[in-house]
Amino acid sequence: MRNSFKTSTLFLLLVLVTSVHVFAQDKDIDKVKEKERTEASATNFVYDANEFAESDNFIYAEKEYRKAISKAPSVVAGSYNLGNSYYEKGNYDEALYRHTQAIENATTKSEKHKAYHNIGNILMKKEQCKEAVEAFKNALRNNPTDDETRYNFALAKKCAEEQQDNKKEQEEEEQDEKKEDENKDDQQQDDQKKDDPKDNGDQDKKEGDDQKNEDGKPKEEKDKGDGEQKKDKDQQGKPKPKQGQLSPQQIKNLLEAMNNQERKVQEKINAEKQKGVKVKPEKDW
């Protein structure tokens with residue numbers, strides 16, 4: 001009896017474990033099937049969106065792409081194609097966001113290569129060449145044989161070098177302008193110091209001190225006094241005329257005036273004489 005009981009118990013346990021295992025497998029299968037149905041639905045949304053995009057109906061295309069992304073983000077075509085639509089419309093920020101979303105959900109190297117390649121193109125449009133270089137590098141890591149990616153990588157690298165050179169030149173110009181501004185500020189401070197009344201007062205005081213002589217008297221008074229003394233000294237060299245007498249200069253002036261008057265009178269007399277002389281006519285042949 002005991003052996004048969006043990007056998008029955010083991011059989012029941014084995015059946016129970018087997019049932020649990022089968023139930024778990026069925027649950028995983030259901031999840032897989034549900035995922036497949038969801039992805040299929042999202043793919044249908046992508047197909048519809050592609051048709052709208054081809055007919056240049058961006059509003060409806062965007063709407064269907066968003067449905068696909070919401071339904072199944074794992075369907076990379078939804079975010080990838082929506083990013084391309086934004087790129088064509090010139091909305092580079094949204095395009096960059098959607099391609100980044102595609103990379104996060106990508107499961108194959110091919111999907112990652114395409115998304116990184118497009119991100120590189122978007123960054124070039126945004127003039128972020130250094131970041132574009134890194135994007136093209138990642139694209140080449142996932143597909144080293146793509147010639148277009150290699151070509152765009154070379155362009156991005158050259159652009160990044162030019163931007164770096166321009167940045168250095170700009171920094172040097174800014175430093176030069178900063179030095180010029182500092183020199184201007186220093187010059188203005190010097191000018192303000194020169195124009196400061198306090199400084200002018202000190203300067204005037206200094207100039208006033210320079211204009212004083214050893215006795216503490218202003219030099220002008222000293223010079224004036226020296227001039228008067230010199231004048232007196234010069235006059236002392238000449239005899240001063242006595243009161244009621246003419247000075248030598250006055251006498252000289254009177255003589256010159258008399259000579260001029262006499263010359264004028266003589267010229268007048270000579271003119272009268274010439275007027276009275278008869279002119280002998282020429283012969284009339």
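User: How do I read burial for a side chain: does E62 count as buried or exposed?

Analyst: Burial is judged by relative accessible area: under 20% is buried, over 50% is exposed, and anything in between is partly exposed, using a 1.4 Å probe and protein chains only. E62 has a relative accessibility of 18%, so it counts as buried. One note on what you are looking at: this is a predicted model, where local features need pLDDT of at least 70, side-chain atom pairs count only at pLDDT 80 or more, and totals for chains, interfaces and linings use all residues. Residues are numbered from 1 along each chain as its sequence is written, and side-chain values use heavy atoms, with hydrogens and water left out.

User: Thanks! Which residue does E62 meet in a salt bridge?

Analyst: A salt bridge here is a side-chain nitrogen of Lys or Arg within 4 Å of a carboxyl oxygen of Asp or Glu. The partner of E62 is R66, with 3.3 Å from N to O. Both sit in helix 2, 4 residues apart, so about one helical turn separates them. R66 is partly exposed, at 39% relative accessible area.

User: How many salt bridges are there in the whole structure?

Analyst: The search finds 7. Among them is K67 with E64, whose closest N and O atoms are 3.4 Å apart. These two residues also belong to helix 2, with a spacing of 3 residues, about one turn of the helix. K67 is partly exposed at 34%, whereas E64 is buried at 9%. Another pairs D147 with R150, and there the closest N and O atoms are 2.2 Å apart. D147 and R150 lie in helix 7, again 3 residues and about one turn apart. D147 counts as exposed at 52%, while R150 is partly exposed at 37%.

User: You keep mentioning helices. How many helices and strands does the protein have?

Analyst: Helices (H or I, at least four residues) and strands (E, at least two) are DSSP runs, numbered from the N terminus. This protein has 10 helices and 0 strands. Helix 1, for example, covers residues 2-54 and contains S41. S41 is partly exposed at 22%. Its C-alpha is 7.6 Å from that of A68, although S41 and A68 are 27 residues apart in sequence.

User: How do I read aromatic pairs, and how many are found?

Analyst: Rings of Phe, Tyr and Trp (its six-membered ring) pair if their centres lie within 6.5 Å; planes under 30 degrees apart are stacked, over 60 edge-to-face, and the rest tilted. The whole structure holds 3 aromatic pairs. In one of them, the ring centres of F58 and Y86 are 5.8 Å apart and the planes meet at 70°, so this pair is edge-to-face. F58 lies in helix 2 (residues 58-71) and Y86 in helix 3 (residues 76-88), so the pair ties together parts 28 residues apart in sequence. Y86 is buried, at 4%.

User: Which residues touch the most other members of the largest nonpolar core?

Analyst: First the idea: in soluble globular proteins, nonpolar side chains tend to be buried together. A nonpolar core is a set of buried Ala, Val, Leu, Ile, Met, Phe, Trp, Tyr and Cys residues joined through side-chain atoms within 4.5 Å. The largest core has 15 residues, and V76, A102, I119, L123, A132 and A156 touch the most other members. Two or more residues come from each of helix 3, helix 4 (92-105), helix 5 (109-125), helix 6 (129-142) and helix 7 (147-195). Helix 6 gives the most, with 5 residues. Leaving aside residues up to four places away in sequence, A102 touches V76, S79, Y80 and A115. A second, separate core has 13 residues, including A42, A61, A72 and Y86.

User: How much of the protein is buried overall?

Analyst: Of its 285 residues, 18% are buried. Among contacts with a separation of 6 or more, 43% join residues 24 or more positions apart.

How values were computed:
Contact means heavy atoms within 4.5 Å.
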